[in-house]
Amino acid sequence: MEQRISLITLGVRDMERMAGFYEALGWTRAQTQDGVIAFDLISQTLGLYPIEKLAEDIGLPVEEMGRGASTMSCNVREKSEVATVLQAAEAAGARILQPASDVFWGGHVGYFADPEGHIWEVTHNPFSPLAPDGAFRWNGYG
């Protein structure tokens, strides 16, 4: 298996509400087949898919889908952008879990939950600067 994640799929209960949330953050939907809503990212895609269908595809009851102890992270170029993204997420319907603050390792981080509880981290990591196109790589580009 090549070392990459191509698609992140969120099982969601209200497809249009969730799509509206990500669109309110400024994201644009990709053209897709019926049943999935996708947002192309830099070399990846975020897909929204009905949780009932996702559970069926996996072969589990919806009750066993649970909530994984995971976060999705959006790294930003400047420290001040962390608070800006958190404000935009809250205005779009997110719940702020932790406001923007400095962390022990030298970065600046905040967390929000989207309207269905998926947790996002917004991070400025001064040790991993983004590429000009916004791509992230541990320890940066250069």
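A residue is called partly exposed when its relative accessible area lies between the under 20% that marks a buried residue and the over 50% that marks an exposed one, and arginine 29, at 32% relative accessibility, therefore counts as partly exposed in this predicted model.

**View 1. Arginine 29 and its two glutamate partners.** Salt bridges that share partners join Glu16, Glu23 and Arg29 into one network. In the pair formed by glutamate 16 and arginine 29, the closest N and O atoms are 2.8 Å apart; this pair links distant parts of the chain, since glutamate 16 belongs to helix 1 and arginine 29 to the loop between helix 1 and strand 2, 13 residues apart. Arginine 29 also forms a salt bridge with glutamate 23, for which the closest N and O atoms lie 2.7 Å apart, and glutamate 23 is itself partly exposed, with a relative accessible area of 34%.

**View 2. The salt bridge between aspartate 102 and lysine 79.** The side chains of these two residues, aspartate 102 and lysine 79, meet at 3.0 Å, N to O, and the pair links distant parts of the chain, with aspartate 102 in strand 5 and lysine 79 in helix 3, 23 residues apart. Aspartate 102 is exposed, its relative accessible area being 52%, which is over the 50% cut-off, whereas lysine 79, at 41% relative accessibility, counts as partly exposed. The count of salt bridges in the model comes to three.

**View 3. The largest nonpolar core.** This core has 20 residues, and those with the most contacts inside it are Leu10, Tyr22, Leu48 and Phe112. At least two core residues are supplied by each of strand 1 (7-12), helix 1 (15-24), strand 2 (37-40), strand 3 (45-50), helix 3 (79-92) and strand 7 (119-124), with helix 1 giving the most, five residues. In soluble globular proteins, nonpolar side chains tend to be buried together.

**View 4. The surroundings of phenylalanine 112.** When residues up to four places away in sequence are not counted, phenylalanine 112 touches Phe21, Leu86, Ala89, Ala94, Arg95, Ile96, Leu97, His118, Ile119, Trp120 and Val122. Phe112 is also among the residues with the most contacts inside the largest nonpolar core.

View 5. Phe104, Trp105 and Phe127 make a nonpolar surface patch of about 410 Å².

Methods. Residues are numbered from 1 along each chain as its sequence is written. This is a predicted model: local features need pLDDT of at least 70, side-chain atom pairs count only at pLDDT 80 or more; totals for chains, interfaces and linings use all residues. Side-chain values use heavy atoms; hydrogens and water are left out. Patches are made of residues with over 30% relative accessible area and no salt bridge: like charges are joined within 9 Å, nonpolar side chains (Val, Leu, Ile, Met, Phe, Trp, Tyr) within 5 Å. Accessible areas come from the Shrake-Rupley method with a 1.4 Å probe; for residues, only the protein chains shown count as cover. A salt bridge is a side-chain nitrogen of Lys or Arg within 4 Å of a carboxyl oxygen of Asp or Glu. A nonpolar core is a set of buried Ala, Val, Leu, Ile, Met, Phe, Trp, Tyr and Cys residues joined through side-chain atoms within 4.5 Å. Buried means under 20% relative accessible area, exposed over 50%, partly exposed in between (1.4 Å probe, protein chains only). Helices (H or I, at least four residues) and strands (E, at least two) are DSSP runs, numbered from the N terminus. Contact means heavy atoms within 4.5 Å.
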